[in-house]
Each structure stands twice: as C-alpha cells, then as structure tokens.
Amino acid sequence: DDEAGLPGVLIGRYPGDEYSGVIMSPTSAKPICEGYNCGSAWFLATHGVAEVIYATAAAAAKGKLTISSTSQDFLLAAMDLALPKSKRGQDKRIPSSKVLAQKLIAGGDGVLARAKHHAGEGMHMSEQI
C-alpha cells in the first residue's frame, strides 16, 4: 500500500496477529514476525481509528480540543494520514482549530480510503484485510 502511494493506515488487533478463523501456530512456535508492520489488519479496528480522528476533528472545529505534549504527536500523525507515507512528517506545528479540523477530517478520510482499497466486490468487508 505504501509503495502504491495510498494514504491512511491499516490497524490490526495486536502486532503479530495471525487470526484467520483458525489457530495458525502452536503456542510454542517462533513468531514469523514481530512488532509494527506484522500481523493482520482488520476493517473494524481500522474504521475505529478513523472514528477517533473524526471525533477529534469535531472537537477541534468546536474549539474544545486541548492540545498538550501528549496529544500533539497524535494530532500530527492523524493529519499525516491524509498523505501517502512518502509525504508524511512535513508538518511540525499544529495549525489553527479550523485548519486542524479540516486536516483531521482529511486524515480520517485517508484511513477509510486505504480500507476501501481492500474491500471486496460490492464493498464486502470480511473481518480481516
């Protein structure tokens, strides 16, 4: 997806998740991979991330968003999800509330665009991507 220039991100339940309706590995097996970019993404988890970004955008639009050192990293990352990975990380400051809300909406849209790319015929979405 990153090589194709898609915006957004896909989210799984946890790193290394290999659920596909059956247990894939015995508990004593060495994991195939660990950490980020490992495991199976889920539509529900991915859509949940978009929902959180949209709720944050709504709070920003109403002027009710408190920006802290903790939330700043999330806000910058969420705004970047509107862009392909190769163009992320350029914004280092949080814009005004109105612009922030617009950029957050675009970030949520980027997450859903990537999920839509993986939807099946007729927008069918199974659990996993």
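**Core packing and salt bridges in a predicted model**

Lys 85 is partly exposed in this predicted model, its relative accessible area being 47%.

Q: Lys 85 forms a salt bridge with which residue?
A: Lys 85 lies in the loop between H2 and H3, and its partner sits in the segment before H1. The pair therefore ties together parts 83 residues apart in sequence. The closest N and O atoms are 3.8 Å apart, and the partner is Asp 2.

Q: Is Arg 114 buried or exposed?
A: Arg 114 forms a salt bridge with Asp 1, with the closest N and O atoms 3.9 Å apart. Asp 1 counts as partly exposed at 26% relative accessibility. Buried means under 20%. Arg 114 has a relative accessible area of 6%, so Arg 114 is buried.

Q: Which residues are linked in a network of salt bridges?
A: Asp 1 pairs with Arg 114. Lys 85 pairs with Asp 2. The network links Asp 1, Asp 2, Lys 85 and Arg 114.

Q: Are H1 and H3 roughly parallel or antiparallel to each other?
A: Their axes are 8 Å apart, at an angle of about 170°. Angles over 145 degrees count as roughly antiparallel. H1 and H3 are therefore roughly antiparallel.

Q: Which elements give two or more residues to the largest nonpolar core?
A: This core has 13 residues, and Leu 104 is among those with the most contacts inside it. Leu 104 touches Ile 53, Leu 75 and Met 79, among others. The contributing elements are helices H1 (43–61), H2 (69–80) and H3 (97–117).

Definitions and conventions. Residues numbered from 1 in each chain as written. Predicted model: local features only at pLDDT ≥ 70, side-chain atom pairs only at ≥ 80, totals over all residues. Heavy atoms only, no water. Core = buried A, V, L, I, M, F, W, Y, C linked by side-chain atoms within 4.5 Å. Buried < 20%, exposed > 50% of the residue type's maximum accessible area, 1.4 Å probe, protein only. Helix = DSSP H or I, 4+ residues; strand = E, 2+ residues; numbered from the N terminus. Contact = heavy atoms within 4.5 Å. Axes fitted to C-alpha atoms, helices over the stretch in contact; angles between N-to-C directions. Parallel < 35°, antiparallel > 145°, perpendicular 65-115°, else oblique. Salt bridge = Lys/Arg side-chain N within 4 Å of Asp/Glu carboxyl O. Lists of a residue's contacts leave out its neighbours within four places in sequence.
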